[in-house]
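Please keep the view open as you read.

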Amino acid sequence: MKTNQNSRRDFLATSLIASASLVGCATKNPFTAEELPDVKPSGEMVKLLSVDGEIIEVDKAFLKPVPELPAVMNTEAREGITGKKFVMVIDLSRCKSVKKCQTACNHMHHIHPGQNWIKVYPMQEAEHTAPYWQPTTCMHCDEPPCVKVCPVDATFKRKDGIVLIDSDRCIGCRFCMAACPYSTRVFNWEQPVLEKEIAEKPYSCETSVPQKKGTVGKCDFCPDMVRQGNLPHCVSACPNGVFMFGDLLEDTVTNGAETFRFSDLIKDKAGYRLMEDLGTKPSVYYLPPVNRNFPFEKEKGQ
Amino acid sequence: MDKLKENQIIEDLLPQKFGKLGRIWVASLIAVCALGAFAYGRQLYYGLEVTAMRDYVSWGIYISNFVFFVAISLVGSLITAVLRLTNVKWSTPLTRIAEIIAVSAITFASLIIIVDMGRPERFYNLFLHGRLQSPIIWDVIVITTYFFISLLLLYFPLLPDLKILIAFKERNGKWLQKLYVFLGSYWKDKHAQFKITDKAINILAIAIIPVAFSIHTVTSWLFATTYRPGWDSTNFGAYFISGAFLVGAGGVVVAMYIFRKHYKLEKYITDDHFDRMGKVLVMLALLYLYFNVNEFLVPAFKMKKSEEEHLLGLFTGEFAPIFWFAIFTAMFIPIFILLFKKGRKPLPAFIAGVLVVVGSWFKRFLIVTPTLLHPFLPMHDVPANYHHYIPTWEEWAIAGGSLAGALLVITFFARIFPIIPIHETILETESQENEKHF
């Protein structure tokens, strides 16, 4: 099998050199010593896919890091992704409060130390009921109380169901924080501690980075990741597959390893939403903590 | 009426220069304002981090101070509009006091709300991107309207007085004379002018009542439109309005006493005025008490789980001392004092007024903060200091500075303009004398 692949690669490479020598005089190759006279070839070669869909081999020294692709325009970020309705399912029977979700979220969104967008609550409904861990993200409500009260349209609801914040517009009145029954919103009371490189980036509603002093922040369902076809950071970070993310219209949710039909999952496991009686219509569903993978144990300091 | 008597009234009511006490008063108010400004400078530099507000208690004493200011400003509409339209004559000398309290309080309400903003420099977004569905925008609209109506209600009755003031050129000095001329030189005491202003004042007096109700109802809706226990109440509008009239009337009684004592106005602000205002205060305190009973007893009877923690915190828990202090000082004790005829004498009425105002300030604190400390989901995964709210010195300095600023506006107003309407007092005295003759 391995030899096969090698021979295939060799074949591609030789044909490429041949074609390159053929078209060499017609098109400019940006990876040559003539184009980049200051660079000394290192001798280490890298295979790349050219714009024509062909594989070329290039000296590593000629490669330059390309700045990250800019995030989508603000107007597009406010619109959302057409034909999608994002949902999350959180399986409480799998959570043991490892908090990898929280760490990943804090890290990727450069959240100010001490603050969390994802919180993992130790819950116990009543004295004789069983305790369990409940991770909470933003509920991305379909009737979002926060959006209703925002005086400047700084927090908004997109057509794909995601609720985001424009930190360049937020006036910091904190009415949304008072309105949110899930206590999901946090405020940048001081200048957020950020690396210079991050702090200087232009703010994007889809990455929620960089957080800005005097404005509100919260879980954003990572639309930048979703746009690239990836899962939100919390979903991929969780070692226990607690979080499942997907599209309601496709009726599919996945935690990366397993994929479920959303409607079946909710029906079979009796999924529910938090504070249904308030009429906020969250996009986050919970599966009750039955047949648990782990016992409920509090570690010191939790 | 003879000229001598008229001149006596004018002489009594002309604005007076600050005495020694006045200067100390002004200097200390300016000092408090300066400290507040310094604290605000720090807040602008470091962010709202200098306050004790955090993610759970995201509104603190700035917002309760805002509610307090809006509340006390409602008295302008009560004294000028409600009493005017119901043909109550005795309130004439109190109208200007009430109106300047209204104007300065609503001004500082707007300022303190800007202080509370995380990004005050983006204030213009309210006009650029304002969304009419947000109660904050409603508040901006009605408060602006109320400010201008109150300002006009202060200005129009001032016009005939300005003419009187302009006549005292020597006494006024250069700057004040210029100001009086700028504001009122077109007033010629003509019949047509009186007719127009009378009509304008009547229209404004009617217009200000729904606007006044709106400012405080909308302010109550900043809370009542949320789901939180303690705020999620259909009683809130009426509860706020009744409390607002109470604290405003209390503020007027306090101001009446101080102006009367300091400017020797015993002839104009009489014991009878205190007696009547005392009765008004009792009625308003009983009204507010009624809404308090509704606000607390009904949920306490049910003790819904989400409300329980909040209510117990007020009745017997963390906030019980402030809660009972506010209930007693804002309602029970003033009612007890003012129910007796002796209690409606100037000094006890003044004390009752002070109690009402102080108690009401703390009542506003209780409306804002305890609710925020009892969210639906438990407080978790946050630093320890997020679980409590004890205002920092910066917050106290800024809140104190705003209160001092409001007092300073009132003080300077009384220095520049007659705090009791001269022209109207002359008219009143005339009509009283005519009645005697017939």
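Helices (H or I, at least four residues) and strands (E, at least two) are DSSP runs, numbered from the N terminus. This is a predicted model, in which local features need pLDDT of at least 70 and side-chain atom pairs count only at pLDDT 80 or more, while totals for chains, interfaces and linings use all residues. Residues are numbered from 1 along each chain as its sequence is written, and chains are lettered from A and ligands numbered from 1 in the order in which they are written.

**Chain A and its side facing chain B**

Chain A has nine helices and 13 strands. Of its 302 residues, 40% count as buried; a residue is buried if 20 or more other C-beta atoms lie within 10 Å of its own, exposed if 12 or fewer, and partly exposed in between, with C-beta atoms placed from the backbone. Two residues are in contact if their C-beta atoms, placed from the backbone, lie within 7 Å. Among contacts in chain A between residues at least 6 apart in sequence, 60% join residues at least 24 apart.

Where do the two chains meet? In the model, 36 residues of chain A are in contact with 34 residues of chain B. On the chain A side, strand 4 (119-123), helix 4 (145-149), helix 5 (175-179) and strand 8 (186-187) each supply at least two residues. Helix 5 of chain A gives the largest share, four residues. By type, the touching side of chain A divides into 21 nonpolar, eight polar and seven charged residues. Here Ala, Val, Leu, Ile, Met, Phe, Trp, Tyr, Cys and Pro count as nonpolar, Asp, Glu, Lys and Arg as charged, and the others, Gly among them, as polar.

**Backbone details in chain A**

Most residues other than glycine have a negative phi, and most peptide bonds are trans.

His110(A) has a positive phi of about 55 degrees although it is not a glycine. His110(A) lies in the loop between helix 3 (100-109) and strand 4, and is partly exposed, with 18 other C-beta atoms within 10 Å. Arg174(A) also has a positive phi, of about 70 degrees. The loop between strand 7 (163-165) and helix 5 holds Arg174(A), which is buried, with 23 other C-beta atoms within 10 Å. Finally, the peptide bond from Val209(A) to Pro210(A) is cis, with omega near -5 degrees; Pro210(A) sits in the loop between helix 6 (196-199) and strand 9 (216-217).

Two packed helices are described by the angle between their axes and the distance between the axes. Axes are lines fitted to C-alpha atoms, for helices over the stretch in contact, and angles run from 0 to 180 degrees between N-to-C directions.

| Helix pair of chain B | Angle | Axis distance |
|---|---|---|
| Helix 7 (135-155) and helix 11 (191-224) | about 150 degrees | 9 Å |
| Helix 4 (75-85) and helix 5 (95-116) | about 150 degrees | 7 Å |

Helix 4 of chain B is therefore roughly antiparallel to helix 5 of chain B, a term for angles over 145 degrees. Helix 7 and helix 11 of chain B are likewise roughly antiparallel to each other.

The contact of helix 7 with helix 11 of chain B includes Trp138(B), Tyr146(B) and Ile149(B) from helix 7 and Ile208(B), Ala212(B) and Ile215(B) from helix 11. Its residues divide into 18 nonpolar, three polar and one charged. In the other pair, Val75(B), Gly76(B), Ile79(B) and Thr80(B) of helix 4 meet Thr95(B), Ala98(B), Glu99(B), Ile101(B) and Ala102(B) of helix 5. That contact divides into five nonpolar, three polar and one charged.

Ala212(B) of helix 11 counts as buried, with 30 C-beta neighbours inside 10 Å. Ala212(B) touches Leu74(B), Ser77(B) and Tyr146(B), not counting residues up to four places away in sequence. The C-alpha atoms of Ala212(B) and Gly76(B) are 8.7 Å apart, although 136 residues separate them along the chain.

**The nonpolar core**

A nonpolar core is a set of buried Ala, Val, Leu, Ile, Met, Phe, Trp, Tyr and Cys residues joined through C-beta atoms within 7 Å. The largest one has 190 residues, and those with the most contacts inside it are Val75(B), Ile101(B), Ala249(B), Val252(B) and Leu281(B). Helix 12 (residues 236-263) of chain B provides the largest share of this core, 17 residues. Leaving out residues up to four places away in sequence, Ile101(B) touches Ile72(B), Val75(B), Gly76(B), Gly251(B), Val252(B), Ala255(B) and Ile410(B).

Key. Angles under 35 degrees count as roughly parallel, over 145 as roughly antiparallel, 65 to 115 as roughly perpendicular and the rest as oblique.
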